[in-house]
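Here's a quick briefing to read alongside the model. Have the structure open while you go through it.

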Amino acid sequence: MTLYENDTIAAIATPPGRGALGVVRLSGAGAMAVVEKIFLPGGKRVRLRSHRMYYGSIVDKGRCVDEVMLCCMLGPRSFTREDVAEIYAHGGPMTMRGVLDAALNNGARLALPGEFTKRAFLNGRLNLTQAEAVMDVIAAGSDAARAAGLRQLGGGLSGRVARCRDTILRWLAHIALSIDYPEHEEEAANRERILAEGQDLLADMEALLRTAEVGRVLREGVRTAIVGAPNAGKSTLLNAILGEDRAIVHALPGTTRDVLTEQVYLGDVPLVLMDTAGLRETEDPVERMGVARTRDVMRDAELVLYVVDGVEVGEETVGLCPTPRKLLEKLDQNYEGNRPGGDFPVDGQRVIVLVNKCDLLPEEEWERMLFTFREAAGGGLGVQRCDLRSDCGASPCIAMDEKMSVHADDNLRVDTVFSHRTRGEKAEPSEANTPLYPQPALPCIPISAKTGQGLDKLFAAIKGYFLYGLGDGGLGDFSETDVITRERHRGLLAEAVGHVEAALEDLGRGVAEDMVAIGLRSAYLSLGHILGLEYADDIVDRIFAEFCVGK
Amino acid sequence: MRHIVVIGGGHAGCEAALGAARSGGVGVRVTLFAMSLDSIAMMPCNPCIGGSAKGHLVREIDALGGEMGRAIDATFLQSRMLNASKGPAVYSLRAQADKKRYMQYMKRALESTPNIALREGEVQEIIVSPAGDGVAAVRTESDERLPCDAVIVCSGTYLQARCLYGETVNHTGPGGQRPARALSENLRSLGFSLHRFKTGTPARVHRRSIDFSKMSIQQGDARLVPFSFETDPAVAAREQIPCYLTYTTPETHEIIRENLHRSAMYSGLIDATGTRYCPSIEDKVARFADKERHPIFIEPEGADTAEMYIQGMSSALPEDIQVKVYRSVPGLEGAEIMRPAYAIEYDCIDATRLALTLEDKHIRGLFFAGQICGSSGYEEAAAQGLLAGINAAGHALVLTRAQAYIGVLIDDLVTKGTPEPYRMMTSRAEYRLLLRQDNADLRLTPLGHAAGLICAQRYARFIQKKELVEKEVARMKNTVVSPEAANPLLAGKNSALLTSGAKLADLVKRPELSYEALTPLFDPEETCDLPPFVRNAAREQVNIQIKYEGYIAMQENQAQQFAKIEAQPLPRHLDYRNISGLRLEARQKLWKSKPASFGQALRITGVSPADLSVLMIYLKAHEA
């Protein structure tokens, strides 16, 4: 691990983006020295005292950067147990950057990811589990993530892990008994006991493991691409999402492939919107050529929102056939360039077709604006309109749509996105080219990005996909569930599951129980590592390597 | 010339004296004091050596060059491999000993070692150097002052010993031996804190009064596996004497419950700490009230005596109640009790003052081994004695938990300390698949050789066996057999037939096959001049190493993680009291025990992994 240094670090401690206030935090032996250089008190020059608020301004290179409030907390009575200064400035990227630069220009260095918490831990302020949970709480942009972090801090998660570990310990104890007291053979009915209890334990552990996926979504957000033809309404949709009351927006430069991303929270669900050439309308003709980039972004996305113009669809039946492949073809038409190759959607990817501009249709048209998209064997581009209430239930697309429409408001679940033809759909004869392979249809939601109609259904669908729709039968109300939010924990849990599975299999095959105990012990150790009950020499590095930026 | 005094001639003392004398050679002179030379290597309790985990200890003692394995091989009455239905890691050897012959064998071994002097008498004081940091001499009951460079205290259950049953209290050591009255006070004055521990033994019953027809007979194994890697089973083979199994009855339990208040253990006479692992019959009945019966084993004390040992019936009830209790057991209705059961209590030290070498952390040259350290059992004592002997002779042999059960035993005793008499169990070993009884020589004989305990001839033979095993394992992994060659044999063994060539090692791994079963498929291994029994052991080794390769690899991986932490040293003079961030309890515990490594620190009760993370950070910060 890197040696512990007591130099002074600084970072913006509040989430990037616009806010009424933002905080720049400094920590280290030289924090006070830096503050004295950049803070100009509003009134008389006073000696700064610990745990007092001061009004003044931040000055850098002779210029006033911002009017601020300042609070110094001398160690050890601070978060890191070092001298800490917090500068409360006016929110907004430029101002915050200016305040931070002032600190960096005067003796502080930019904090590494997680460095404040790391110092708090290194100085004995927090134990490991607390440190991890604090990182979760701080990193949590949404109520749900915050709740998950807080519960971990309080031991909700550890309780579940501990119960699994206890079960394994009990098995190990029984095995030990039968080995160490072989003359008391009547004690040894272990094999049956373990095999009988094993499936329950595995189910518990796997349920925990599934929560890790939710945890990842909560922590990292759903990588989302909005694609569609020009004027389909992508930017309006973007604005509608960004303008949503609960949304928080900020820019995260420098993620994969230099794609600019914006993170928004739709209620509980964080989305990382990935900007593509087509994501925003642009006058730059060069950017309109960015098919390759769009394709990359689509590949990288977990969620693709494909926006189509509902009026256009309504007027031209040749508007759309949203099978994945047709979708790509459609994209090709919209962009000049080569036809994208490869498979789409990639494994596990969710695609939702948003039929936009429904507000432009008369009320009764809007009511009827529910589509079924079927993959016509000939790849025909026909679009059928279908009334929800009319009898066209033969199509799985309708079924999907119906399910969504009906249940969207009460926490819709979507178990299978690409629900296949299950209800006796007949493939229509081909008129033109025969597709190479059949592809299932995509779910679609009619919306009006302009009026906001249908957005609630979109949000519910996203939530359904990424928070509820996991695993068999989903997770139920995830906020009632403890969620694994750390990659380290997920890895350890997955290891433990692997060991238990192998042990049960061996036991079933008749392998001697003391052999089986070796794998069970590994599982026991892995779970202990999650709980901080085992020691590993590289644990500090591994945990802090995961910490997110600037905390 | 280094002079080493061994106090006590029990199992720890014998191995300590032999270990020190052999290891130090001509540079060392050993004087062993025993209360009585007739009680050298006495077995005051059960007449057997080995058993689960204890058998492993004996194999390890032998692999290091100790005597216990050879002694029991020479004097056993019956031998069995326990846990044979389980995996090879927990196969456990156990042999019934002829107590008298065992004692004679061991006394002769001591007598015939040129640099060991056997002396009858009580050591009453350990005299330390004026600075108080090293051993200077011992003083005997006759006020003789014997200068020495090292003392190994192997006082067993003799310190301030009391034997009790009912209201009877005898101030004697085990079996009526003279107790040691002076040493306890001396140890206190040297700064040791003493515990009071308790153990017990059942009655001995005359053979003629037992109706064996009401019991099930337990024969020894036809295929003999000796304890010593040096013993040829063909030579050790003899007619074996059976043991018998019977059970307590509801009547037994009733009598005990009615008279519980008269047991010395329940009447308040004893307040010492007993062991949960070897409970008295009244403990079993009181604590496991729902169990309908407890097994009772009848074992011979020797070939030349009619005394039978009633295993499972240790007690501190008055003699008249003992008679009733014993006679309520099927087959013991007419039992003539020759010696009553009794409990014994004694002083032992808090072994956390010792280093992993079993030397005191404060007084140089002062070693402890055996029950004085809080353990229980002959094998546990002998193992400690051997290590203490080797180290007193000037070596610094420390076995890790991943190396040997002996390592686990000593680490547990000196790192954690023990609140009750400590019995070795396989479950105490984290890496028991690596610590098999079959590979104790591969693990430890090189260390025994380095310590001077393995003679050149034995070592050459060991190296030959080791190389044979390695070569043969490699051959099995590299040799491919064709379906034509293998299928007839596989068919005969009800094993899935081959459709293409397969490596011999892959066939060995099949549950229904083994190295031995496959021998028709390959040429015999290279001829060498190893005796047949060593070659057989080598073959068994090859079989196990191949068959359990996957599990062994998994356990080796675990052991490597352990070794990494174990290899992170902690400075001896670290002042834990001033490390902020450490919890107060952790500071105190670490300060008190001054662990040698992170691994050892982690095993101290009251020190958590989080504390160690803090400690690691602290050290990193301060070494910069």
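Cys163(B) stands opposite Asn170(B) in S12(B). Strands pair here if DSSP finds at least two bridges between them; helices (H or I, at least four residues) and strands (E, at least two) are DSSP runs, numbered from the N terminus.

This is a predicted model, in which local features need pLDDT of at least 70 and side-chain atom pairs count only at pLDDT 80 or more, while totals for chains, interfaces and linings use all residues. Residues are numbered from 1 along each chain as its sequence is written, and chains are lettered from A and ligands numbered from 1 in the order in which they are written.

**Sheets in chain B**

- S11(B) and S12(B) sit in an open sheet of four strands, ordered S12-S11-S20-S13, with antiparallel pairing.
- At its edges are strand S12 (168-170) and strand S13 (194-201) of chain B, each of which pairs on one side only.
- From one strand to the next, the twist averages 25°; axes are lines fitted to C-alpha atoms, for helices over the stretch in contact, and angles run from 0 to 180 degrees between N-to-C directions.
- There's also an open sheet of three strands in chain B, in the order S3-S5-S4, again with antiparallel pairing.
- Strand S3 (48-50) and strand S4 (76-82) of chain B are its edges, each with a single partner strand, so one side of each has no neighbour in the sheet.
- S4(B) is joined to strand S5 (residues 92-97) of chain B by six bridges, and the two run antiparallel.
- Within S5(B), Arg94(B) is the residue opposite Arg80(B).

**Helix H2 against H12**

- Helix H2 (residues 54-64) and helix H12 (residues 440-450), both of chain B, pack at about 40° with their axes 7 Å apart.
- That makes H2(B) oblique to H12(B), because angles under 35 degrees count as roughly parallel, over 145 as roughly antiparallel, 65 to 115 as roughly perpendicular and the rest as oblique.
- The crossing of H2(B) and H12(B) is right-handed (left-handed if the near helix is turned anticlockwise from the far one by less than a right angle, right-handed if clockwise).
- On the H2(B) side, Arg59(B), Glu60(B), Ala63(B) and Leu64(B) make the contact, meeting residues of H12(B) that include Leu444(B) and Leu447(B); contact means C-beta atoms, placed from the backbone, within 7 Å.
- By class, the H2(B)-H12(B) contact has five nonpolar, two polar and four charged residues (Ala, Val, Leu, Ile, Met, Phe, Trp, Tyr, Cys and Pro count as nonpolar, Asp, Glu, Lys and Arg as charged, and the others, Gly among them, as polar).

**Helix H2 against H10**

- H2(B) and helix H10 (residues 378-392) of chain B cross at roughly 25°, their axes coming within 9 Å.
- These two helices, H2(B) and H10(B), are therefore roughly parallel to each other.
- For H2(B) and H10(B) the crossing is left-handed.
- Among the residues in contact are Leu57(B) and Ile61(B) of H2(B) and Ala382(B) and Leu386(B) of H10(B).
- Sorted by class, the H2(B)-H10(B) contact has seven nonpolar, no polar and four charged residues.

**Confidence**

- Chain B has a mean pLDDT of 93, with 99% of its residues at 70 or more; pLDDT is the predictor's confidence in each residue, from 0 to 100.
- For chain A the mean pLDDT is 66, and 52% of its residues reach 70 or more.
- Residues 370-441 of chain A have pLDDT below 50, and this stretch has 123 contacts in the model beyond near neighbours in sequence.
- The predictor gives the complex an ipTM of 0.82 and a pTM of 0.74.

Definitions and conventions. Contact = placed C-beta atoms within 7 Å.
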